[in-house]
Amino acid sequence: MNSQITNNIKISMLAGLCVATLAYAGNAPAPGGSSAFGKTLAQWQDIYWRWTYGGLSVPTDANGNAVVNGNVVLMPLPNAPGDGTPGHLNVTLNSGQAFVLPLWALLGNSYSDGTPNDPLVNVSVLQTLNITLQIDGVTVLGAANHMQYYSGFYFAPVITLPAAFAPYAGIIWLEGIGTVHSPFSPGTHTIKLDAKNTQAAVGSVFEYHSTWTVAVQPAE
């Protein structure tokens with residue numbers, strides 16, 4: 001389980017969702033909706049969130065990263081509370097490792113106390129996000145193109161939550177923005193995410209300023 005995720009609310013709004021994209025060289029992620037590294041968009045999303053909430057075990061490499069198929073890292077998230085407080089994380093990758101990078105997600109829940117399941121959120125909440133992703137100082141995702149990285153689906157089966165999460169019983173759907181990125185070149189890279197919803201979902205506004213310093217080891 002990804003211990004960075006510490007809050008579970010009626011509709012969880014986290015810095016995260018993974019969208020599978022085409023593998024290619026360069027620092028700009030390709031738009032979502034295609035297959036990458038042997039899996040579809042929905043499959044990568046399903047893997048990431050089942051791993052996050054403890055419903056899936058994924059092997060780790062020598063750097064402590066969860067790795068799928070030997071070369072795709074499930075990128076951990078900085079401990080950013082969502083109130084605008086910056087979060088930072090140092091990550092080490094092996095040469096040739098791609099990564100799933102969550103950017104923003106809405107997670108709908110089922111309940112054990114008779115509360116109705118969360119309904120899907122109007123897509124306009126995602127359309128009106130104020131979101132920017134920079135890699136090594138270059139903006140690769142922003143207002144002009146972020147909906148190209150949108151995806152939403154129902155989990156099948158539902159992600160069952162531990163009893164300690166009661167009355168939240170399971171995660172039933174996901175709507176969000178994100179990417180899967182091709183491997184960085186060896187050296188140090190910086191990923192910077194700034195995101196804020198301009199429409200309140202379930203009465204809340206969340207703001208994230210997250211930075212990853214990524215050290216990529218040279219090939220052996």
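Which residue in E11 is the bridge partner of Leu93? In this predicted model, the partner of Leu93 is Val216.

E4 and E11 are part of an open sheet of 5 strands with mixed pairing, in the order E4-E11-E10-E6-E7. Strand E4 (87-93) and strand E7 (138-141) each have a single partner strand and stand at the edges, so one side of each lacks a neighbour in the sheet. On average, neighbouring strands of this sheet are turned by 25° against each other, direction ignored.

Ile135 stands opposite Val138 in E7. The hairpin of E6 and E7 has 2 residues between the strands, and Asp136 takes a positive phi near 55° there.

**The nonpolar core**

In soluble globular proteins, nonpolar side chains tend to be buried together. The largest nonpolar core here has 57 residues. The members that touch the most others are Trp49, Leu74, Trp104, Ile131, Ile177, Ile191 and Trp212. Strand E5 (residues 98-111) supplies the largest share of this core, 9 residues.

Which residues does Ile131 touch, not counting residues up to four places away in sequence? Ile131 touches Leu103, Trp104, Leu141, Gly142, Ala143, His146, Ile177, Leu193, Asp194 and Ala195. Of these contacts, Trp104 and Ile177 are also listed with Ile131 among the core residues that touch the most other members.

Definitions and conventions:
Residues are numbered from 1 along each chain as its sequence is written. This is a predicted model: local features need pLDDT of at least 70, side-chain atom pairs count only at pLDDT 80 or more; totals for chains, interfaces and linings use all residues. Side-chain values use heavy atoms; hydrogens and water are left out. A nonpolar core is a set of buried Ala, Val, Leu, Ile, Met, Phe, Trp, Tyr and Cys residues joined through side-chain atoms within 4.5 Å. Buried means under 20% relative accessible area, exposed over 50%, partly exposed in between (1.4 Å probe, protein chains only). Helices (H or I, at least four residues) and strands (E, at least two) are DSSP runs, numbered from the N terminus. Contact means heavy atoms within 4.5 Å. Two strands pair if DSSP finds at least two bridges between them. Axes are lines fitted to C-alpha atoms, for helices over the stretch in contact, and angles run from 0 to 180 degrees between N-to-C directions.
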